[in-house]
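Here are some notes for a colleague who is opening this structure for the first time. Please read them with the sequence and the model side by side.

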Amino acid sequence: MTVAVTAAGGQLGRLVVEALLREGATPVVAIVRDPQKVADLAERGVDVRQAAYDDPDALDRALAGVDRVLLVSGNEFGARVAQHTNVIRAAERAGVKLLAYTSIPRATENPLILAQEHIGTEAVLAESTVPHTILRNGWYWENYFGGLGNAVETGVLHGAAGDGRVAGAARADYAEAAAKVLTTDGHEGRVYELGGDDRLTYAELAEVISQASGKPVRYENLSKENYHAALEQAGLPAPYATALADADAGIGDGILDVDSGDLQKLIGRPSTPAIEIFRAALA
């Protein structure tokens, strides 16, 4: 059975390939824009194929002979539905037997800006002829690494999530779940709501960062508008700042507090504790 991973040079895609190799899957196909980025994977026997999401002909070549494929959601905001559709159509033409897609929690009811293109992609999949599985990945704890140094240095973690909880997990945990779906049976037509065991408020997250760093860190809650302004002042482009402030407001409303247990069932263990992830990041 040939298993392929798109965006295999990215943070999640590479981890999925690594998980597949640990599972003993063979052959494994890594679909990337730049083969040089994954030259080490080719040296380990991975079949590296070049294709971009906006190149249907290259996608046809990349998916030739593939039985199962993970479509890792793209990062070109505003173009993602069209790009994901290109992959889905190529999978249909290739006769792929299962396509798994990395979406967002509660996509059918999720109001976040970040959710909209996932909603569009899920709608395309619903009308597609390719058998599919939806992996609604929750928040990665790694999402907070960008502001981690500043939080430790200043002793303040800023956000706009109030007392809302985020059920985060390590990116590697989600990658392992995807690998399980690609290498085991019984997942066709399933929608998995994936979230970690640590369901933390930002005040609790600040305490985790404090423990991991050995320095006191507290949480300071801002309004959505003030948090957006702070992100822009820190140098983030306005659209990105808007999406992040909107995501924090969604966390405050509970949209990313996933307690389904689906992640744990897929990987056969609890998710990696947040404290371990942040300690490793600060080591």
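1. Two terms come up throughout. Contact means heavy atoms within 4.5 Å. Helices (H or I, at least four residues) and strands (E, at least two) are DSSP runs, numbered from the N terminus. This is a predicted model, in which local features need pLDDT of at least 70 and side-chain atom pairs count only at pLDDT 80 or more, while totals for chains, interfaces and linings use all residues. Residues are numbered from 1 along each chain as its sequence is written, and side-chain values use heavy atoms, with hydrogens and water left out.

2. Helix H4 covers residues 80-94, 15 residues in total. From its first C-alpha to its last, H4 reaches 21 Å, close to the 21 Å expected at 1.5 Å a residue (the expected span is 1.5 Å times one less than the number of residues). Buried residues of H4 include Arg80, Gln83, His84 and Thr85, and also Val87, Ile88, Ala90 and Ala91. Here buried means under 20% relative accessible area, exposed over 50%, and partly exposed in between, with a 1.4 Å probe and protein chains only. The buried residues of H4 pack against helices H3 (56-62) and H5 (116-126) and strands S4 (68-71) and S5 (98-103). Just after H4, Gly95 has a positive phi of about 70°.

3. The largest nonpolar core has 57 residues, and Val5, Val16, Leu20, Leu70 and Leu99 have the most contacts inside it. Such a core is a set of buried Ala, Val, Leu, Ile, Met, Phe, Trp, Tyr and Cys residues joined through side-chain atoms within 4.5 Å. Helix H7 (residues 171-183) supplies the largest share of this core, seven residues. Apart from this core lies another, of 33 residues, with Trp139, Tyr144, Ala212 and Val217 among them. In soluble globular proteins, nonpolar side chains tend to be buried together.

4. Setting aside residues within four places in sequence, Leu99 contacts Val69, Leu71, Ile88, Ala91, Leu125, Val130, Pro131, His132 and Thr133. Of these, Ile88 and Ala91 are among the buried residues of H4.

5. Tyr202 lies in helix H8 (residues 202-213). Tyr202 counts as buried because its relative accessible area is 2%. Beyond four places in sequence, its contacts include Leu157, Gly159, Ala161, Tyr219, Asp248 and Ile251. The side chains of Tyr202 and Tyr144 make a polar contact at 2.9 Å (a pair of N or O atoms within 3.5 Å; within protein, one must be able to donate a hydrogen and the other to accept it, and residues adjacent in sequence count only if both atoms are side-chain atoms).

6. Some backbone values deserve a check. Most residues other than glycine have a negative phi, and most peptide bonds are trans. Ala7, in the loop between strand S1 (3-5) and H1, has a positive phi near 50°. Ala7 counts as partly exposed because its relative accessibility is 29%. Arg106, in the loop between S5 and H5, also has a positive phi, near 50°. A cis peptide bond joins Thr26 and Pro27, with omega about -10°; Pro27 sits in the loop between helix H1 (11-23) and strand S2 (28-32).

7. Is Ser271 buried or exposed? Ser271 counts as buried, because its relative accessibility is 6%. Ser271 is in the loop between helix H11 (262-267) and helix H12 (274-282).
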